[in-house]
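Visitor: Can you walk me through this one? Keep it brisk.

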Amino acid sequence: MEKSAVLVGVQWGDEGKGKVVDALAEQFDIVARYQGGANAGHTVVVDGRKFILQLIPSGILRPGKVAVIGNGVVLDPEALLDEIKTIENAGVEVGDRLRVSNRSHLILPYHRLQEQAAEAARGAGKIGTTAKGIGPSYEDKSARRGLRCSDLEHPESFRRKCLEALAEKNLYAAAIGGEVIADPELVVEKFWCSARRILPYATDVSSYLNQEMDRGKAVLFEGAQGTLLDLDHGTYPYVTSSSAAAGGACTGTGVGPGRIGSVVGVSKAYTTRVGSGPFPTEVHGDEGGQLRERGNEYGAVTGRPRRCGWFDAPAARYSARVNHLAALVITKLDILDELDEIPVGVEYEIEGRTLHEFPASAETLGAVKVRYEVLPGWRRSTFGLRSHSELPPNARAYLHFISEQAGVEVAMVSTGPGRDQTIWIESSRWVSQFALPK
Ligand code: IMP
């Protein structure tokens, strides 16, 4: 069995994958991010120091580990350089421990402008994007007019392609009476000056990863966002523009599916969502506000308050299938510590009928009625606990219930932001397979 695994968000992102990658990275040699861009925000606390990583996999914080950014990621060079500077200033040596795919697409200055215009045009139906230019960069990739990291190796053709793309964008902007970019040459020159500084990190990632795997190295493939934000399998159109589900690990790095041993899903003990779109188990008013405050549910990248709600079992079952999850990691269990009762959404109904499939249509998902089962709370602090047996019986029963509902074993529980605030479940097959600490 291949030791390499994919770590994927089960919900709408922000499940705490950064901390989990950091906790797991000890068992892997390389951590490879396969999609998304600087829209993700992974908060990791190491020795009491807080790092917010947007592009670089959190494996970089472990000495000796290699962090890889795959071809499925869209790269904002300025954001990458800033992030390298921040972590180097914090005393983390980067050097050749960071590799960036030479096939990754770039985010150019006009992508952000394009996104602002698109969101404004959608009005009340806006997606509520992170405004990082992610969607428009992926649009250009699909339209075969994108610029890739490897284009930076050829300054003349890079400038030409960039100016051609800008001329086309200006044409559209002018046609609808919008603002055009007045000095394309200047924009391209400025971009070039910073972007070329990422070239030392450029690597043929597929070749690198496959060679390292041939030598017996284990890779942890890290997804950003979550399955319900996946372009194909998420709550379209309220999704991100890339393949966040586990399948994206292969296309986003150039590693074949047969080389990946298992997929592990990360889910909060409740649910959150940022941006627009249906959210069946959302809780409004004071109850939702309490979850938000206790869980500090504010976007790591945008600072936006997250919408909060209860654990959604139909969504977890759907995610388990789409990703073929071998195990679940449950994060932020301690946020539920003070509740007397904890509802869990167990079934969707529409017009009195039970829905057996997670609906494809955002309209249907927005109209479902959720049937809840209410579990007793434990009213004791679980913060920082490190063994399953220390958990209050009702907390164990809660974990058991959501695991049964999702149809996936729980392998690990995160009880705080720190690396060691982690419970490995001894009876988990996944934990024993990976020889994780028990
Ligand atoms: P985009 O990825 O900026 O295009 O935004 C599309 C949707 O995905 C919006 O609803 C965002 O709020 C959401 N989104 C993007 N990145 C993240 C993330 O890292 N966590 C949670 N939501 C995200």
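Visitor: Start with the ligand shell. How do its residues divide into nonpolar, polar and charged?
Guide: The shell around the ligand has six nonpolar, eight polar and two charged residues. Ala, Val, Leu, Ile, Met, Phe, Trp, Tyr, Cys and Pro count as nonpolar, Asp, Glu, Lys and Arg as charged, and the others, Gly among them, as polar.

Visitor: What should I know about the model and numbering?
Guide: This is a predicted model, where local features need pLDDT of at least 70, side-chain atom pairs count only at pLDDT 80 or more, and totals for chains, interfaces and linings use all residues. Residues are numbered from 1 along each chain as its sequence is written, and side-chain values use heavy atoms, with hydrogens and water left out.

Visitor: Which residues are closest to the ligand?
Guide: D14, N39, T130, T240 and R304 are the closest. In total, 16 residues surround the ligand, each with a heavy atom within 4 Å of it.

Visitor: What about polar contacts?
Guide: Those are pairs of N or O atoms within 3.5 Å. A polar side-chain atom of D14 sits 2.9 Å from a ligand nitrogen. The side chain of N39 has an N or O atom 2.8 Å from a ligand oxygen. For R304, the distance from a side-chain N or O atom to a ligand oxygen is 2.9 Å.

Visitor: How much of the ligand does the protein cover?
Guide: The protein covers 96% of the 470 Å² of accessible area that the ligand has on its own, by the Shrake-Rupley method with a 1.4 Å probe.

Visitor: New topic. How is the chain divided?
Guide: Into domain 1 (4–102 + 201–262), domain 2 (105–198) and domain 3 (266–433). The bounds come from an automatic or database domain assignment.

Visitor: How far apart are the centres of domain 2 and domain 3?
Guide: 38 Å, taken over C-alpha atoms. Still, six residues of domain 2 are in contact with five residues of domain 3, meaning heavy atoms within 4.5 Å.

Technical notes. A polar contact is a pair of N or O atoms within 3.5 Å; within protein, one must be able to donate a hydrogen and the other to accept it, and residues adjacent in sequence count only if both atoms are side-chain atoms.
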